[in-house]
Amino acid sequence: MYYTLHDFMLHSKGVTYILMGAVLVGMVIVWTFLFDRSDEDRDRFNIQHGKHED
(Lines give C-alpha, C1' and ligand atoms only; values in the text may rest on other atoms or scores of the structure.)
Protein backbone atom coordinates (compact mmCIF):
# COMPACT_ATOMS: atom_id res chain seq x y z
CA MET A 1 0.00 0.00 0.00
CA TYR A 2 1.27 3.44 -0.88
CA TYR A 3 0.86 6.10 1.75
CA THR A 4 2.25 9.01 -0.22
CA LEU A 5 2.65 10.03 -3.84
CA HIS A 6 6.40 9.74 -3.39
CA ASP A 7 6.10 6.05 -2.40
CA PHE A 8 3.98 5.34 -5.47
CA MET A 9 6.33 7.18 -7.84
CA LEU A 10 9.40 5.45 -6.41
CA HIS A 11 7.79 2.02 -6.80
CA SER A 12 6.62 2.81 -10.35
CA LYS A 13 10.08 3.99 -11.34
CA GLY A 14 11.68 0.84 -9.92
CA VAL A 15 9.30 -1.43 -11.79
CA THR A 16 9.92 0.51 -15.00
CA TYR A 17 13.69 0.09 -14.70
CA ILE A 18 13.30 -3.64 -14.06
CA LEU A 19 11.08 -4.01 -17.14
CA MET A 20 13.48 -2.01 -19.31
CA GLY A 21 16.36 -4.23 -18.18
CA ALA A 22 14.36 -7.37 -18.96
CA VAL A 23 13.49 -6.05 -22.42
CA LEU A 24 17.15 -5.27 -23.17
CA VAL A 25 18.26 -8.73 -22.05
CA GLY A 26 15.49 -10.29 -24.15
CA MET A 27 16.53 -8.28 -27.19
CA VAL A 28 20.14 -9.46 -26.85
CA ILE A 29 19.00 -13.09 -26.57
CA VAL A 30 16.77 -12.80 -29.66
CA TRP A 31 19.51 -10.99 -31.59
CA THR A 32 22.07 -13.69 -30.86
CA PHE A 33 19.56 -16.43 -31.67
CA LEU A 34 18.77 -14.90 -35.05
CA PHE A 35 22.20 -13.69 -36.18
CA ASP A 36 24.85 -15.76 -34.43
CA ARG A 37 25.53 -18.62 -36.78
CA SER A 38 28.77 -20.51 -36.95
CA ASP A 39 30.71 -20.86 -40.20
CA GLU A 40 29.88 -24.57 -40.26
CA ASP A 41 26.15 -23.82 -40.24
CA ARG A 42 26.57 -21.29 -43.07
CA ASP A 43 28.56 -23.76 -45.16
CA ARG A 44 25.97 -26.50 -44.65
CA PHE A 45 23.16 -24.09 -45.63
CA ASN A 46 25.01 -22.92 -48.75
CA ILE A 47 25.76 -26.48 -49.88
CA GLN A 48 22.15 -27.59 -49.41
CA HIS A 49 20.84 -24.65 -51.43
CA GLY A 50 23.42 -24.77 -54.23
CA LYS A 51 25.34 -21.66 -53.21
CA HIS A 52 28.97 -22.71 -53.47
CA GLU A 53 31.76 -20.29 -52.57
CA ASP A 54 34.89 -20.37 -54.68
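**Close-up 1. W31 and F35 on helix α1.** In this predicted model, W31 and F35 both sit in helix α1 (residues 5-35). They are four residues apart, about one turn of the helix. Helices here are DSSP runs of H or I with at least four residues, strands are E runs with at least two, and both are numbered from the N terminus. W31 is exposed, at 57% relative accessible area. F35 is exposed too, at 52%. Exposed means over 50% relative accessible area, buried under 20%, and partly exposed in between (1.4 Å probe, protein chains only).

**Close-up 2. Two aromatic pairs.** A search of the whole structure gives two aromatic pairs. Y2 and F8 make an edge-to-face pair, with 5.5 Å centre to centre and 75 degrees between the planes. Y2 is partly exposed, because its relative accessibility is 41%. F8, at 40%, is also partly exposed. The W31 and F35 rings have centres 4.5 Å apart and planes at 40 degrees, so this pair is tilted. Rings of Phe, Tyr and Trp (its six-membered ring) pair if their centres lie within 6.5 Å; planes under 30 degrees apart are stacked, over 60 edge-to-face, the rest tilted.

**Close-up 3. A nonpolar surface patch.** V30, W31, F33, L34 and F35 form this patch. Together they have about 640 Å² of accessible area. L34 lies in helix α1. Patch residues have over 30% relative accessible area and no salt bridge; nonpolar side chains (Val, Leu, Ile, Met, Phe, Trp, Tyr) are joined within 5 Å, like charges within 9 Å. A salt bridge puts a side-chain nitrogen of Lys or Arg within 4 Å of a carboxyl oxygen of Asp or Glu.

**Close-up 4. The chain as background.** The chain has two helices and zero strands. Of its 54 residues, 2% are buried. The chain exposes about 5500 Å², with 66% supplied by carbon and sulfur atoms. Accessible areas use the Shrake-Rupley method with a 1.4 Å probe; for residues, only the protein chains shown count as cover.

Residues are numbered from 1 along each chain as its sequence is written, and side-chain values use heavy atoms, without hydrogens and water. In this predicted model, local features need pLDDT of at least 70 and side-chain atom pairs count only at pLDDT 80 or more, while totals for chains, interfaces and linings use all residues.
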